Amino acid sequence: MTTIELSGPTNILVVEGLTMPDATPFLDDIAAAAPAGSTVTLAHDMKEAAAHAASVEVLLGFMTEKFFSETEQLRWVHSISSGVDMYMFDAFINSDVVLTGEKGLVGGHLADTGWGLLLALTRQIHTAIRLGPDAWAHRVDMRSKEIELDGLTMGVLGFGGTGRAMAKRAVAFGMETLAVDEFPGAGDPALGVDEVWGLDRLDDLLATSDVVAICLPLTEATDAMFNTELFAKMKPGSFVVNVTRGEIIDGDALVEALTTGHLRGAALDVAPGEPLPADHPLFTLDNVAMTPHTAGASQLRAPKNVARFVRNLGFAQRGEPFEGVVDKRAGF
C-alpha cells in the first residue's frame, strides 16, 4: 500500500505547465479536499516555484532536479506529465517521496492521435493534404497504396492505459489484437485480447502484427529498444505507431526500415531528439505521418488528473492507498 499521512495543515504547491496551463479553476477544490488549515500556493512556472522549495510538502505539477535538491519537507509529488522519466534521477528515486500521476488516464487522447496518424497513412490522407490541389493528378497512385484495416492484426506493446485505448479502437475497426506486457496475464475480451503475453513472446507479436503500436514508458530497458534488429523482426510491410516516447525508437534504424520498404509506414507523434532538425529524413519520406508531440493535448486531461489528486488528498487523510502510484525503481 502506498500513501502518506496528512493529519494536519499541509503546504501544497501547484505548479502550472504545458498540460495544466491554468490551474486557477482547480484551487478551490484542492483547498476543500486538503486538511483544515492547509495552504495552497500557485506558481506559474519553476522560477516562481523555487521560492517555495524549502516549505512545500505536497507538489502538484512538475519539478526539476535542482528544485528537488532545495526541498526540505517534500513528501509527495503528483505529476502532470504522463511520462515520468524526467523524475528518474538518483536523489529522487532513493528518497522516501511518493510519486503519483496520470498513470492510466491519458490513453484516450494519445490513442486518438495514434489512430489519426495511422489512418492518414493507410487511407493516403496525409498525401492528399501534402499535395493539395495537385492530389487529383495522383489519384490513381494514391488508391493503389490504400489498404483497409478490417481483418488485419494490431500488436500492442505495453498494455497500460494507452495500450488498452489503442486495442479498444482496433476492435472497432475489425482488427485482431495481440498484446505484450512486462506483466503478462489475463487479457480483456472486450478489447480483443484474451491473454496478455510476456516479453518472451515479443518476437511472435512482431512477426504476426500488421500494425505495431508502441505504448511503453521510457526507461533504461526501453531506450532505443526498437533498433535495426527489432525492426527486422517485424512483419514485412507492416506499420509502426508511436505516441508515447520518441527515444524508444532508434531514429537511424527507423529511417532505414522505412527506406528499404521493410516497414510500410510510420505513424509518429514523438521522435528521438525532439525537435528534429528541419533536414531530417523523416520529414521527407512519403510513408511517414508525423505530428510535433501534440497527442498529449485534451480538454479533459487536467480536470481528470486534478480530480485524481483531490481523491488522493482524501486518501492521505484516511490512510488509504493512492491512485496512480509510480514505481520509482521500475520507472513507471
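Helices (H or I, at least four residues) and strands (E, at least two) are DSSP runs, numbered from the N terminus. The model treated here is predicted: local features need pLDDT of at least 70, side-chain atom pairs count only at pLDDT 80 or more, and totals for chains, interfaces and linings use all residues. Residues are numbered from 1 along each chain as its sequence is written, and side-chain values use heavy atoms, without hydrogens and water.

**Exercise 1.** State which helices each supply at least two residues of the lining of the second largest pocket, and describe that lining.

*Solution.* A pocket is an open set of points on a 1 Å grid over the protein atoms alone, where a 1.4 Å probe fits, with protein on both sides within 12 Å along at least five of seven lines; lining residues have an atom within 4 Å of a point.
- Helix 6 gives the largest share, four residues.
- Of the 14 lining residues, Gln124, His126, Lys145, Asp286 and Asn287 are the closest to the centre of the pocket.

**Exercise 2.** Determine how helix 5 and helix 8 are oriented to each other.

*Solution.* 
- Helix 5 (residues 107-122) and helix 8 (residues 161-172) pack at an angle of about 50 degrees, and their axes are 8 Å apart. Axes are lines fitted to C-alpha atoms, for helices over the stretch in contact, and angles run from 0 to 180 degrees between N-to-C directions.
- Angles under 35 degrees count as roughly parallel, over 145 as roughly antiparallel, 65 to 115 as roughly perpendicular and the rest as oblique. Helix 5 and helix 8 are therefore oblique to each other.
- Contact (heavy atoms within 4.5 Å) involves, among others, Leu110 and Trp115 of helix 5 and Met166 and Arg169 of helix 8.

**Exercise 3.** Locate Pro275 and Ala224 in their loops.

*Solution.* 
- Pro275 lies in the loop between strand 12 (263-268) and strand 13 (288-290). The peptide bond from Glu274 to Pro275 is cis, with omega near -5 degrees.
- Ala224 lies in the loop between strand 10 (211-214) and helix 10 (228-233). Although Ala224 is not a glycine, its phi is positive, about 55 degrees.
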